[in-house]
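Look over the sequence and the structure first, then read the points below.

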Amino acid sequence: MASGNVAKLIAEHDAILACEDNLSFLRPFKTETMQLVVTSPPYNIGKSYESRARLDAYVQAQAQVISECVRLLHPRGSLCWQVGNHVHAGEIFPLDLVLYPVFREHGLKLRNRIVWHFEHGLHCSKRLSGRYETILWFTKGDDYVFRLDPIRVPSKYPGKKYFKGPKAGQLSGNPLGKNPGDVWIFPNVKNNHVEKTIHPCQFPVELVERLVLALTEPGGKVLDPYMGVGSSIVAALKHRRIGYGCDTVQEYVDIAWDRVRALRSGTLRTRPMDRPVYDPSKPHGGQRRAEAESDSAPLLRLVLDENPKR
Ligand SMILES: C[S@@+](CC[C@H](N)C(=O)[O-])C[C@H]1O[C@@H](n2cnc3c(N)ncnc32)[C@H](O)[C@@H]1O
């Protein structure tokens, strides 16, 4: 449990959020208590909330935070580090490649390198525009929480049956849907996304929800040491987990609290996990059914969320 100046920030029973440097925030917590550490650190590319450092200094600083996170990780827990590219003088350095050895040094085991594909971003003129980032999902041991059913997605052919053999006539797929695979397509949080705040690089809540549902049990503790505006905390609380997070920018922490409170009062809008991405080749962008099932927001809003050019 937290102590000192962290404890006084416990304003809600299931959310502990602090405006604090992550190393000092993490130190008071008990060893092996977090079921999921999920985060997206600065990429060392000169965003407003970071100062650019040499790549080796950046890795060293990351290694310190990673080491604390590994200490806090429950033996059956998971650690998910979501990163893109560090870019220097036009050259890209994929941060998952750069940081992988740091996790391995701690004996963590890589279970998936999830590719998160999105449609919008900078248009590059001297290389292909970047349209994916990755999530390195590690576990501490071989006996880890992994719950596939809550994150299954609709099968392509749900009625498909075995046509011969002892199971002939029975459904060949799982009636609950299929494994979502390791390429995830979620819109990134750009200006027209329903979750957009002032933060320049937010997680889409639905991305973290998938990790929370698969890798933790209800009541489990979820930690984000670079929490920004608290997207991981929102995802954790939405599914009755406990959220722990910190950020060094007070304005982001204040927004995180606002989002937590809006979630509680039922006014926080997040993009539903089962909504397909906008597909201009389909009627209504292929979204009308999911819209009807998910919430009552008008379709126009949806179209604008994901197709800013319209
Ligand atoms: C990529 S953003 C994370 C955004 C977050 N996933 C969200 O959805 O809002 C990285 C965050 O790390 C914060 N940060 C940078 N250095 C930090 C440190 N030493 N301790 C805590 N937070 C830090 C930045 O202020 C920034 O908000």
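Strand β2, helix α3 and strand β3 form a β-α-β unit, and the unit is right-handed. The model is predicted.

**The β-α-β unit**
- Helix α3 covers residues 55–72.
- Strand β2 spans residues 34–39, and strand β3 spans residues 73–83.
- The two strands pair in the parallel sense, with five bridges between them.
- Thr39 has Trp81 of β3 opposite it.

**The other partner of β2**
- Strand β9, residues 221–224, also runs parallel to β2.
- Two bridges join β2 and β9.
- Here Val37 stands opposite Leu223 of β9.

**Burial of β2**
- How many of the six residues of β2 are buried?
- Six of six are buried, and the strand is mostly covered.
- In a regular strand, side chains alternate between the two faces of the sheet.

**The chain overall**
- The protein chain has 310 residues, and 33% of them are buried.
- Its secondary structure comes to nine helices and 10 strands.
- Among contacts with a separation of 6 or more, 64% join residues 24 or more positions apart.

Definitions and conventions: Residues numbered from 1 in each chain as written. Predicted model: local features only at pLDDT ≥ 70, side-chain atom pairs only at ≥ 80, totals over all residues. Helix = DSSP H or I, 4+ residues; strand = E, 2+ residues; numbered from the N terminus. Buried ≥ 20, exposed ≤ 12 C-beta atoms within 10 Å, placed from the backbone. Contact = placed C-beta atoms within 7 Å. Pairing = 2+ DSSP bridges. Right-handed = clockwise from strand over helix to strand, strands pointing away.
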